[in-house]
Amino acid sequence: MQRAVQAIRSHGSVLKYAVQQHMSAPKPAMLPAAFSRFMSASSARLEDSGFETATVADILKSKGKSADGSWLWCTTEDSVYDAVKSMTQHNVGALVVVKPGQEKSLAGIVTERDYLRKIIVQGRSSKSTKVGDIMTEENKLITVKPGTKVLQAMQLMTENRIRHLPAKSAFDIQ
């Protein structure tokens, strides 16, 4: 892991360029599901601050917000079929899961891997199984705050072998 961080630091300009290229054409539907809907800015801000000091909030701000200003989510009571359909329509690999009727109360996250491992492989029905039955629960989630440095977030993702990292401050956890 330390080698990976050292490589990122020594080749940071290459990584910075790749991140900026990815962010140069914001795709509103690609806005990560777990982040605040009130953030907006341009990638120029990330360039000005430098990649080493960039935060998760800087990345999210540069991505813009979706047309209606909301983030993607589902509830624990939704069918897995509907959640996967939503992921497909919005071209994302995960959805934040909230408690029914409590849109700001994080319950967990459901990912494509959850679908493959807990529905397809086990032969379950995605139309009759609820998201709450296959999601990663909130108490097992690894999350960051918007102020977390991008390099720290990348290190967390690498160390924990995860692909999705929700920013917890987007919710009023109860």
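Here are a few friendly questions and answers about this predicted model.

Me: How many salt bridges does a search of the whole structure find?
Reply: Side chains of opposite charge can pair when their charged atoms come close. The search of the whole structure gives a total of two.

Me: How many residues apart in sequence are the parts that Lys130 and Glu77 tie together?
Reply: Lys130 sits in the loop between H6 and helix H7, while Glu77 sits in the loop between strand E1 and helix H5, so the parts they tie together are apart in sequence by 53 residues.

Me: Is Asp114 buried or exposed?
Reply: Asp114 lies in helix H6 with Lys118, four residues away, about one turn of the helix. Buried means under 20% relative accessible area. Asp114 has 8% relative accessibility, so Asp114 counts as buried.

Me: Which residues of H8 are buried, and where do they lie around the axis?
Reply: The buried residues of H8 are Val150, Leu151 and Ala153. They cover an arc of only 160 degrees around the axis, which means that they are on the same side of H8.

Me: Which residues gather in a patch of positive charge on the surface?
Reply: One member, Arg163, is in the segment after helix H8. Arg163 counts as exposed because its relative accessibility is 58%. The patch is made of Arg113, Arg117, Arg161 and Arg163.

Key: Residues are numbered from 1 along each chain as its sequence is written. This is a predicted model: local features need pLDDT of at least 70, side-chain atom pairs count only at pLDDT 80 or more; totals for chains, interfaces and linings use all residues. Side-chain values use heavy atoms; hydrogens and water are left out. Patches are made of residues with over 30% relative accessible area and no salt bridge: like charges are joined within 9 Å, nonpolar side chains (Val, Leu, Ile, Met, Phe, Trp, Tyr) within 5 Å. Accessible areas come from the Shrake-Rupley method with a 1.4 Å probe; for residues, only the protein chains shown count as cover. A salt bridge is a side-chain nitrogen of Lys or Arg within 4 Å of a carboxyl oxygen of Asp or Glu. Lys and Arg count as positive and Asp and Glu as negative; His and the chain ends are not counted. The place of a charge is taken as NZ of Lys, CZ of Arg, CG of Asp or CD of Glu. Helices (H or I, at least four residues) and strands (E, at least two) are DSSP runs, numbered from the N terminus. Buried means under 20% relative accessible area, exposed over 50%, partly exposed in between (1.4 Å probe, protein chains only). The arc is that of the directions from the helix axis to the C-beta atoms.
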